[in-house]
Amino acid sequence: MKKVLSVILLLVLVLSSAVIGVSAKDDGADLCFALASDLHYNPPREELEHTINDPVFWYANRRCAMEDESGFIIDEFLNQCAEDDTVEYVLISGDLADNGRTYPEDHRAVAEKLKAFEEKTGKSVFVINGNHDASIESNTTFDVFKEIYADFGYDKAIEKRDDDCSYTADLGEKYRLIALDSNHPTKSTEDGMTLDKINWVHKQDKIAYDDGRYPIVMMHHNLLDHLPIQRIISRNFIVRFHYSTAELFADWGIKLVMTGHEHCSDTSSFTSALGNKIYDVTTTSLTMYPLAYRYFTFNDEEIEFTTRNIESIDVDALTSTVKGFTDEQINWMNEDLTSYSKQFLKVGVEYRLWRSLNMNKTDIDENAVYYDVVATAIDRLLEILETTFEGENGIRAQALAYGIEMPATEFENGWDLVSEIMAYHYSGGEHFDLYGDEISLLLRTVAFILRNDLETVNDDVLLKGANALLKKEGFDGISKELTQFCIYHFGTYTAAEYLLVAIACPIIYKFAYDDGSPMDIDGVMEGYGTVSFANNMHNIADNASTVSQKVNFYANAVTRILLKLALKILNYKIF
Ligand SMILES: [Fe+2]
Ligand SMILES: [Fe+2]
C-alpha cells in the first residue's frame, strides 16, 4: 500500500482566486458594490528573471500569480469601478499585498492606489486583512495594518476590535458590513477563528438588526467547503468548526458571507436545522487567471452577483517599468490577456506540482523501508505526466496494453490535463460534461497510473498471494506479468485498484463536477427580506433531499464498485 501514498498525493494536489449620492444604482437596487479578493500586490521588478523552463512563460512562478503585472491589474480594476456609475463601494476580502507581513511599504503602495481612487470618485473602499497582510510578530502588526488602511473602513467604523483588524461599517441605507479578521495572529495560512470572535459577530449582528440593518460578513477564510471535503484536503483555507459556525451565522440572520483565500470562484450554501440558509461566495485572486472580481446588487427579494474580468491592462506602462518582456509576450498580452494569464497559470501549476512531487517534500525518512518504493513511484508518476497522450509510445498506446481505452484528446499530456482542470477550478468553471471526454480522460489516466504504478509494488498485501503463486509458476516477483495475470482473472481492475478507484472516483467526480449551489460565476440568491416560516420549512425540505442525494451518491459509488469486486473474486474462486 506504500505506493498508494503517491497516488493520494497526486489526487490531493489535483484537488490539491462615487461620491455617495452621486452614483446611479442599478434599477431597484438598495446596494451595489464591487468586490475583489487576494490582490497579492507585488512591487514590479526592474527586470524579469528566468525561473521556469518554458519557452514563453519562463518568468512564471509556482503560485501562478502575475506578480510584476499585479499593480497594473489593480489599476485597471479600480478604473472599471470608477467608470461604472452603479458601483457605490469597493470591498476587498484580504491578501492585499503578497509580502505584506514583511513589507509594510507594499501595503502603502496599495493604499496609495485606493486613496487616489477614493479621491477621484468619492466612492468608499472597505478592506479586511488576509493571512499575507499582518501578524502580531511581523513588521506589519495589526496596528500598522489599521494605520495604513485607516481610510478604507476603519475611518467609518461603528465598532472596532482592538486585538485584531475586525470592524463594522454601514453600507448604504439598509446594510451593515461585518468585516471579520479570520486570520491566525501568527500562523501563516490557517484560520484564527475563536469563540471570542464568534461572540463578537453575534453582538454586532444583534446591534445591526436593532438599528434596522441587514448584516453582511466579509472575511478572508472560507466559511463553507468549496472543494469536496475541503476541511480535510485544504483545511487551512476554511474556518475550523465550519458547520457549527455556519449554523450559528445562519440562525443569526446572516445570509451572505464573502470570502477569498482559496483562490477559486465558487458559491456554497448551508441550511441550518431551523431552515435558515447562508451562502459563502468566495472570489478568486484578482491577479491570477481569469483576473476576475465580483459585482453585487442587493434588494429585499434578491441578492445578485456577476463576475467581471480584467481583459486588458496598460501594457506600455508595464513594459516601460519592468524590463525584459519579449515581443511575443507583449503581443500576446495586448491581443488576449485572458489566454495569456491562463497559460501563465498552467505553466505555474505544472511547476508547483513538479516541485511537490519530490521526496524532500514528503517528510519520509531516507532510512524508512519504503523510501525507495515511494521514490520510484514518484519518478514513474512524473514520467507518465510528461508522456504525450498520442504517439507510438504515448499514454493511449500504453494504457491499451492494460485494457484501458482513452478517448481522443487535444490535451498534449498529463500535465496539460491536470493544469487545465486546476484552471477550471480557479475560474469557477468546473462544470464538465459528466459524460464528456475530459472526465473519461482524467479517470482513465488515473486508472492507468494506478495500474502502471502498482506493477512494481512487491509488498502489497492484496497482491502477495498472487505473487507467491507466480513465483511457484516460475515468474520472479510482482511484475508486468502479474498485472496482466490479474487483469486476465479479475477483469479490468485488480483488487487493489478497486479499492483505490472506489475512493478516488467519487472525489475526482465531485471535484470536476461540483454541484455547489447556486452558480459559481453568476448567481441569484434570496434576499434578506425573504425570511419567513414558510420559506424556512421549504429550505428544510430542500436540504433533506440534497443531503440524502449526496449520501446516496457516495454510498452507491463505493458499494457498486465493491460489489463488482466481490463478484469477480467469487467468480475467480469458483472457476
Ligand atoms: Fe491569497
Ligand atoms: Fe490567503
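**View 1. Hairpin of S5 and S6 in the predicted model.** The hairpin of S5 and S6 has 3 residues between the strands, and glycine 172 there takes a positive phi near 65°. S5 and strand S6 (residues 175–180) pair in the antiparallel sense over 5 bridges; two strands pair if DSSP finds at least two bridges between them. Strands (E, at least two residues) and helices (H or I, at least four) are DSSP runs, numbered from the N terminus. Threonine 168 has isoleucine 178 in S6 as its bridge partner.

**View 2. Strand S5 and its pairing with S4.** Strand S4 (residues 159–160) runs antiparallel to S5 and is joined to it by 2 bridges. Lysine 160 stands opposite tyrosine 167 in S5. Of the 5 residues of S5 (residues 167–171), 4 are buried, so the strand is largely enclosed by the rest of the structure; buried means under 20% relative accessible area (1.4 Å probe, protein chains only).

**View 3. Site of the iron ion (ligand 2).** Asp95 (OD), Asn131 (OD1), His220 (NE2) and His261 (ND1) are the protein donors, 2.1 to 2.2 Å from the ion. Donors are N, O and S atoms within 2.8 Å of the metal (3.2 Å for Na, K and Ca), with water not among the atoms. Aspartate 95 coordinates both this ion and the iron ion (ligand 1), and the two ions are 3.2 Å apart.

**Notes.** This is a predicted model in which local features need pLDDT of at least 70 and side-chain atom pairs count only at pLDDT 80 or more, while totals for chains, interfaces and linings use all residues. Residues are numbered from 1 along each chain as its sequence is written, chains are lettered from A and ligands numbered from 1 in the order in which they are written, and side-chain values use heavy atoms, with hydrogens and water left out.

Note on methods
Buried < 20%, exposed > 50% of the residue type's maximum accessible area, 1.4 Å probe, protein only.
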